[in-house]
Amino acid sequence: MSASAVITILELAGLYVFATSGALMAVYKGFDVVGIVVLAMLTALGGGILRDLIIGATPPAAFTEVSYLVVPLLAAVVTFFVHRLVHRLTFTVLVFDAAGLGLFCVTGTLKALDFGLGPLQAVLLGITTAVGGGVLRDITARETPALVQVDTDLYAIPAPPAPSSSPWRTRWACP
């Protein structure tokens with residue numbers, strides 16, 4: 001299996017987990033099925049869409065790759081029907097959420113580098129890619145974003161190390 005196929009699979013898994021977190025919040029907030037789908041899609045795709053619009057990659061990848069729309073939709077539907085079971089798997093979802101955060105941070109950084117941004121700007125845009133959907137989810141659900149809450153786990157702090165090394169690994173052709 002090629003590296004790009006592995007990255008695609010990991011991206012789709014990340015989209016699924018992020019969409020699940022958005023759908024769960026919508027269920028807990030008492031949203032109807034449309035609200036659940038909207039919050040799931042916004043959480044999964046918001047950061048990448050924001051990144052693509054900032055760097056001028058239009059239309060955003062979320063609208064050119066049908067799988068990027070189908071996976072969050074599937075996660076919303078599954079969560080709607082089995083949210084009690086998904087809630088019991090909170091730790092597992094959190095682990096995948098952290099993995100998705102790191103993966104989206106790196107892929108966002110690499111895409112920004114491909115569009116000619118400098119290393120620091122690319123890392124910041126990579127972080128935006130990773131946390132953007134969660135921030136949009138929280139704002140839409142009328143919550144203080146987890147990114148800026150003092151009493152929550154360190155949400156974005158673990159994100160910068162991996163993409164911070166990406167610009168230099170890319171420049172020096174390191175694996």
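Modeller: Before we start, contact here means heavy atoms within 4.5 Å. This is a predicted model, where local features need pLDDT of at least 70, side-chain atom pairs count only at pLDDT 80 or more, and totals for chains, interfaces and linings use all residues. Residues are numbered from 1 along each chain as its sequence is written, and side-chain values use heavy atoms, with hydrogens and water left out.

Biologist: Which residues of helix 2 and helix 6 meet?

Modeller: Helix 2 brings Leu39, Leu42, Thr43, Gly46, Gly47, Gly48, Leu50, Arg51, Ile54 and Ile55, and helix 6 answers with Leu125, Thr128, Thr129, Gly132, Gly133, Gly134, Leu136, Arg137 and Thr140. Helices are DSSP runs (H or I, at least four residues), numbered from the N terminus.

Biologist: What classes do the residues of that contact divide into?

Modeller: Seven are nonpolar, 10 polar and two charged. Asp, Glu, Lys and Arg count as charged, Ala, Val, Leu, Ile, Met, Phe, Trp, Tyr, Cys and Pro as nonpolar, and the others, Gly among them, as polar.

Biologist: Why is helix 2 called oblique to helix 6?

Modeller: The axes of helix 2 (residues 33-55) and helix 6 (residues 119-140) cross at roughly 140° and come within 7 Å. Under 35 degrees is roughly parallel, over 145 roughly antiparallel, 65 to 115 roughly perpendicular, and the rest oblique. So helix 2 is oblique to helix 6. Those axes are lines fitted to C-alpha atoms over the stretch in contact, with angles from 0 to 180 degrees between N-to-C directions.

Biologist: What makes a nonpolar core?

Modeller: It is a set of buried Ala, Val, Leu, Ile, Met, Phe, Trp, Tyr and Cys residues joined through side-chain atoms within 4.5 Å. The largest one has 29 residues, and Leu15, Ile36, Ala44, Leu45, Phe104 and Ala130 have the most contacts inside it. A second, separate core of six residues includes Ala57, Leu113, Ala122 and Leu125.

Methods:
Helix = DSSP H or I, 4+ residues; strand = E, 2+ residues; numbered from the N terminus. Buried < 20%, exposed > 50% of the residue type's maximum accessible area, 1.4 Å probe, protein only.
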